[in-house]
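Kindly read each point beside the structure.

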Amino acid sequence: MDLQLDSESYWNRSSRAAFSFDDEDEVDLAPDLASNGILADDTISEASFNNSVALNLSIKSILSEEALKLVLQEQALDDRVLPKGVSPEVELKLLRRQLQSTLYSPNLEATAQKLLQGKTAPLEMFKSLHEKQQLLDTLMAQGGGHAVITVLLFLKRTLNTTQFHGILRERPKALEQYLSYLKESGDLAGHIELLQLFGRHQEAALKQFQAALASGDASTRKKHLQLLVDAYATAGVGVIPLYEQVFHAALKMQQLMEKDSALGKLLRDQPTPVEVLYACCQVNSNWKEQDMLKPVSPQRFAADQQISPAQYEWTALNERAQAQAYADLECIFERVPSWHPLKTKQFHISFDLTLAVLRLYELQAPSTVLQLFLSKMGNSVEKLALAQRVKCIKAVIDAMAGLKQQQELQQLKDTLPERSEEQFYCENALKSLQSKRWTTDNIKLKL
């Protein structure tokens, strides 16, 4: 059939009147329509065209029932921001839909799905306590982190305090998430208050202690520590004694730094107890007889701060060795036996003696100091190995003599510089060994 698409009478027929392309670009669609058989006959009607398309393009052939349901739910939960430039009729229709979604029963699954995707969704439709709990439980079951916080903030805003805390008490995971939110958002007061409310006084006390130490200046830090000590002294909430000791120790340390200006000059802002102990060692002038009445005394400060003997000795050893005050080292490790207080002081070290020797060697202590500490070792084999490691010749000689290694001592003597102090020391050790040997042999002959 000869189609005259350019003729005006063709487009004015009743069967074509339903189509209008006034707003579209001029595109020649005749070849495509003819190939599909749509324009194969002039007499095809608009009704027959629409019916054929409807029969061939059913919505169910494109979307499943489940997908269609999700699409409809998404449309029902569109954001409440009206698009610009809509007609009054369309705006009224959108407002009516939003009003219906608010007034009538909420869609739990669709709202949860939208929140989990990071989208906004109207929560005001969840009015009853049961509906709000259901929404929270649904999100927690699906592991929604930020979505759970969004709902918890909604619950805090719309429920009374008793109901909100009851929900948190019944859901420990929700409580932990809310505590993390308060911590990350910087609401330290709310974080501590909630910990105390749920009986977690140990954690609350530590948070308060950390907040007090984080104060900007020393006077504010001291004030907050004093308030903390006073509060827990009379609260009766069951804070473990160790925490109270820590609070008191921190307060004493702040008072000490405030009182002693010389000590304060040696310290940075917010020092640790070990750093303060190091500074106390620097300003201490009498290591033989420390005055325990002075708070700045290293031993007194270590006792006040509950610093262990090993930590005290290690800190003092490092400070005195770096100051090259080697004469004070032996005084650090002198102790009067508790079982016999009238007895003279004895050498006692609270950590591994090997660590002390290696640290002194690292700090370039003289060989006489190394020999002093090596002489306190009871095992001659370990003493020999360590003495050789730190290159302390006299300690090596002592260890060989203790092991009665006469041949090795003779070989060592031959390698030492002539007429040196170490060579004379080695000769005396050899003579001592020979004298003991002859004495032992004489005893055996008499027997």
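1. Phe 351 is buried, at a relative accessible area of 14% (buried means under 20%, exposed over 50%, partly exposed in between; 1.4 Å probe, protein chains only). The model is predicted, with local features needing pLDDT of at least 70 and side-chain atom pairs counting only at pLDDT 80 or more, while totals for chains, interfaces and linings use all residues. Residues are numbered from 1 along each chain as its sequence is written, and side-chain values use heavy atoms, leaving out hydrogens and water.

2. Phe 347 and Phe 373 form an edge-to-face aromatic pair, with 5.8 Å centre to centre and 80° between the planes. Rings of Phe, Tyr and Trp (its six-membered ring) pair if their centres lie within 6.5 Å; planes under 30 degrees apart are stacked, over 60 edge-to-face, and the rest tilted.

3. Phe 347 belongs to strand β2 and Phe 373 to helix α21 (residues 367-374), so the pair ties together parts 26 residues apart in sequence. Helices (H or I, at least four residues) and strands (E, at least two) are DSSP runs, numbered from the N terminus.

4. Phe 347 is partly exposed, at 25% relative accessibility, whereas Phe 373 is buried, at 1%.

5. Ring pairs join Phe 347, Phe 351 and Phe 373 with Trp 314 and Phe 333 in a cluster. Within this group, Trp 314 is partly exposed, at 30% relative accessibility.

6. Lys 394 lies over the face of Tyr 425, 5.4 Å from the ring centre (the criterion is NZ of Lys or CZ of Arg within 6 Å of the ring centre and within 35 degrees of the ring normal).
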